[in-house]
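Thank you all for coming; please have the sequence and the model open while I talk.

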Amino acid sequence: MAMPTATQIKKRLMANWIHFLSTNSAELSKESLSGATPPAVFVGSYGYPKVRVGPMVPPIHGDTTVFDKPELWIGKDIAEIVNYRKSLVMGVSRTDIHDKSSRYIGSLQELALTRRSVESEALFENKPIPHFDELNLELDTNLAPFGPVAPLKSFRTASYPVDQRLERSYYDKDLSAVDGIVDLYRQGIEVSTISRIVSLGMLGLEKNRKLVPTKWSISATDDVISSHLIKTIETFPRIDSFSVHKFNHFGNYYCILLIPDELWSFEMQEAWYDKHGNVGIGTDFEDANGLDHYPTIAGAYFAGRLSVTEFLFSIRHKAAAMILREIHPEYVIPVGVWQIREGIRGALKEKAKLFDEFQDALSFACSTLSISKKEWLRNSKLYANMKNQSRITDF
Amino acid sequence: MVFVAKTRSPDEWKVILSTISTLVDEATFEATVEGISFRGMDPSHVALIDIQWPNSTFERYECDDSVKFGVRIDELSKLIKRASKKDSIEVSMLEDGLLTIKTQNDYLREYKIRLIESSASSTPLPKLNFSSKVVLSASEFDKVLSDVQVVSEYISIETEAKLVEFRGKGDSGEATISLNSESVGLEEIEVKEKSRATYSLDYLTRITKAVSSSGGTIAAEYSSKMPLRLECRIANIGRIHFYLAPRVQD
């Protein structure tokens with residue numbers, strides 16, 4: 001079967017959207033909405049530090065947990081994921097990020113303590129306005145998309161069970177946010193749940209707690225967990241050979257090269273095609289000294305670093321790592337940074353191909369990519385460093 | 001166990017700490033009967049610092065055993081910086097897990113800081129023979145590095161007979177700084193054989209800035225395509241050795 005083209009995918013997404021709007025026209029033309037929130041809560045960044053904050057509710061009852069749990073999305077069709085997301089109606093209210101003691105924020109924080117969907121009802125100031133284009137102010141490659149938005153008047157939920165682990169961290173106001181994040185991760189809480197807790201200012205020392213825009217909370221969570229894992233991995237033996245893992249989904253092509261090395265270093269390169277077919281490449285790199293700049297590829301970097309460190313931790317080995325990501329035109333709508341995290345996790349679940357030489361490993365990686373090996377190498381600081389800088393321990 | 005080390009001013013600790021902070025955030029010192037020493041590499045193993053701070057350079061020094069103490073550099077620096085120019089600094093270990101710092105001149109300050117877990121691994125020194133040696137005043141060396149840094153991230157050092165050339169090359173152009181035995185600032189040059197090697201300027205400028213504030217000289221020794229060793233002799237400290245691994249490309 002031929003791969004659907006970008007235009008075909010776009011058409012299908014648009015048809016789904018129109019179908020959704022017409023099926024739910026009755027629900028969406030009212031100033032109230034009842035449905036099960038996954039739970040999902042959004043904290044905007046526009047207007048910071050006075051940001052839009054609010055719950056997301058689909059016009060759907062029953063179990064909607066999957067709508068805001070990206071860990072369950074791998075292997076699904078992009079249309080299905082966009083359906084989940086675009087059906088989430090967001091009720092927003094402008095709030096100062098320090099204003100965490102209000103009843104409104106308190107109720108959203110309570111909601112974030114549950115990991116299953118909850119029946120809820122939102123009352124809006126006016127009818128939710130549907131949108132499906134780039135004009136959406138908050139459309140961001142780091143965020144999962146969402147549906148109609150309206151100013152919120154009130155929000156109520158049915159009662160629900162809270163997760164004990166989340167609750168303990170929430171009430172521990174002497175534990176730093178970093179330790180709180182690492183603790184929850186160690187206890188097996190999904191990264192998406194942890195970042196929701198982070199964005200609602202529910203971790204850390206009492207005096208430091210504040211709301212964090214959703215997209216920043218995602219990067220911060222990936223950053224904190226992977227930084228913690230890097231320290232642990234350093235104590236493991238190094239891998240024996242060069243390895244390449246591959247995975248493709250939603251028009252994103254991933255190759256992960258693991259390089260035997262005593263010291264940690266990490267690079268992620270992204271190549272994309274613009275409307276005219278021109279290629280852009282973004283590259284960010286860190287050596288064992290750590291990252292010395294905010295990555296140009298933003299949240300993708302931390303998502304990639306989390307997936308790689310998680311894998312190395314699971315095999316109890318250390319390595320240097322290079323991620324190559326190609327974004328093809330079939331990736332018609334950015335579905336959020338989770339797609340990168342899960343794509344690279346997916347790649348690392350696939351069986352690796354092993355090599356004795358770096359060049360052979362890279363050639364194999366590039367064999368299924370459209371950008372040439374030469375081009376990737378030209379942009380690679382990890383490669384330049386490996387080739388050009390010796391170490392004291394070599395002498 | 002007794003460990004007390006007293007210096008006449010805060011300057012000695014300031015130089016030591018700012019030197020170490022160019023490579024790491026945390027440091028493990030070792031105090032023995034002979035004095036205080038430190039050795040450590042930066043996380044990417046490109047540079048190494050080896051400090052010998054002999055007992056004779058202290059105003060008072062007592063240590064009857066060998067003891068390691070780990071500190072966070074910025075935490076200790078903050079305390080040392082509270083001292084006035086003429087304050088004496090006394091560092092001692094009176095309680096387990098705590099380092100006591102007393103500064104005294106006009107009035108007495110006493111700080112206690114919590115020690116951190118000290119790293120147990122010992123770093124071996126690279127085995128090197130040097131074929132060239134140039135000695136410059138620290139401020140002159142700092143100037144030369146800045147001259148090259150205008151165009152390049154790396155510096156090539158080339159020595160032949162009585163001439164040393166520092167070169168850099170970048171996207172915008174090239175730089176060549178030449179010094180011979182007549183040049184001001186070049187105090188000594190000794191070339192056993194023509195040598196050339198390239199090093200990262202980033203590391204070099206940071207370490208040079210850290211030691212040049214206290215004056216003194218820097219002796220740079222190296223061989224072709226081998227690590228560079230800077231020896232900094234500073235009043236009341238003894239010596240600091242800084243090793244830097246070369247760039248491989250030419």
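Predicted model: local features only at pLDDT ≥ 70, side-chain atom pairs only at ≥ 80, totals over all residues.

**Loops, cavity and interface**

A:Pro39 has its place in the loop between strand E1 (32-37) and E2 of chain A. A:Pro38 and A:Pro39 are joined by a cis peptide bond, with an omega of about 5°. Going along chain A, we come to A:Pro49, which sits in the loop between E2 and strand E3 (50-57), and here too there is a cis peptide bond, this one joining A:Tyr48 and A:Pro49, with omega at about 5°.

Chain B gives us another backbone detail, at B:Lys225, which is not a glycine and yet has a positive phi of about 55°. You will find B:Lys225 in the loop between strand E16 (217-222) and strand E17 (228-234) of chain B.

Let me turn to the cavities. How many cavities of 30 Å³ or more does a search of the whole structure find? The search finds 2, and the largest cavity has a volume of about 310 Å³. It is lined by 24 residues, of which A:Asp68, A:Ala144, A:Ser195, A:Thr214 and A:Ile218 are the closest to its centre. Several elements of chain A each supply at least two residues of this lining, namely strand E2 (41-43), helix H7 (191-199), helix H8 (214-233) and helix H10 (338-349), and the largest share, 5 residues, comes from H7(A). If we sort the lining of the largest cavity by class, we get 13 nonpolar, 7 polar and 4 charged residues.

A:Glu310 forms a salt bridge with A:Arg345, and the closest N and O atoms are 2.7 Å apart. Because A:Glu310 lies in helix H9 (residues 299-315) of chain A and A:Arg345 in helix H10 of chain A, the pair ties together parts that are 35 residues apart in sequence. Over all chains, the structure holds 42 salt bridges.

How many of these salt bridges run between chain A and chain B? The count there is 0, although the rule does find 8 residue pairs in polar contact across the interface of the two chains. On the side of chain A that touches chain B, the residues fall into 4 nonpolar, 6 polar and 3 charged.

The size of an interface is often given as the accessible area lost when the parts come together. Between chain A and chain B, the buried area is about 1400 Å², and carbon and sulfur atoms give 61% of it. Within chain A, the residues that lose the most area to chain B are A:Gln389, A:Ile392 and A:Phe395, which together account for 47% of what that side buries. To the contact as a whole, chain A brings 13 residues and chain B brings 23 residues.

Terms used. Residues numbered from 1 in each chain as written. Chains lettered and ligands numbered in written order. Heavy atoms only, no water. 1 Å grid on protein atoms, 1.4 Å probe; cavity = no way out; pocket = protein on both sides within 12 Å on 5 of 7 lines; lining within 4 Å. Points joined across faces, edges and corners; volume = space filled by probe spheres on them. Helix = DSSP H or I, 4+ residues; strand = E, 2+ residues; numbered from the N terminus. Nonpolar A, V, L, I, M, F, W, Y, C, P; charged D, E, K, R; others polar. Contact = heavy atoms within 4.5 Å. Buried area = accessible area lost by both parts, 1.4 Å probe. Salt bridge = Lys/Arg side-chain N within 4 Å of Asp/Glu carboxyl O. Polar contact = N/O pair within 3.5 Å; in protein donor to acceptor, adjacent residues only side chain to side chain.
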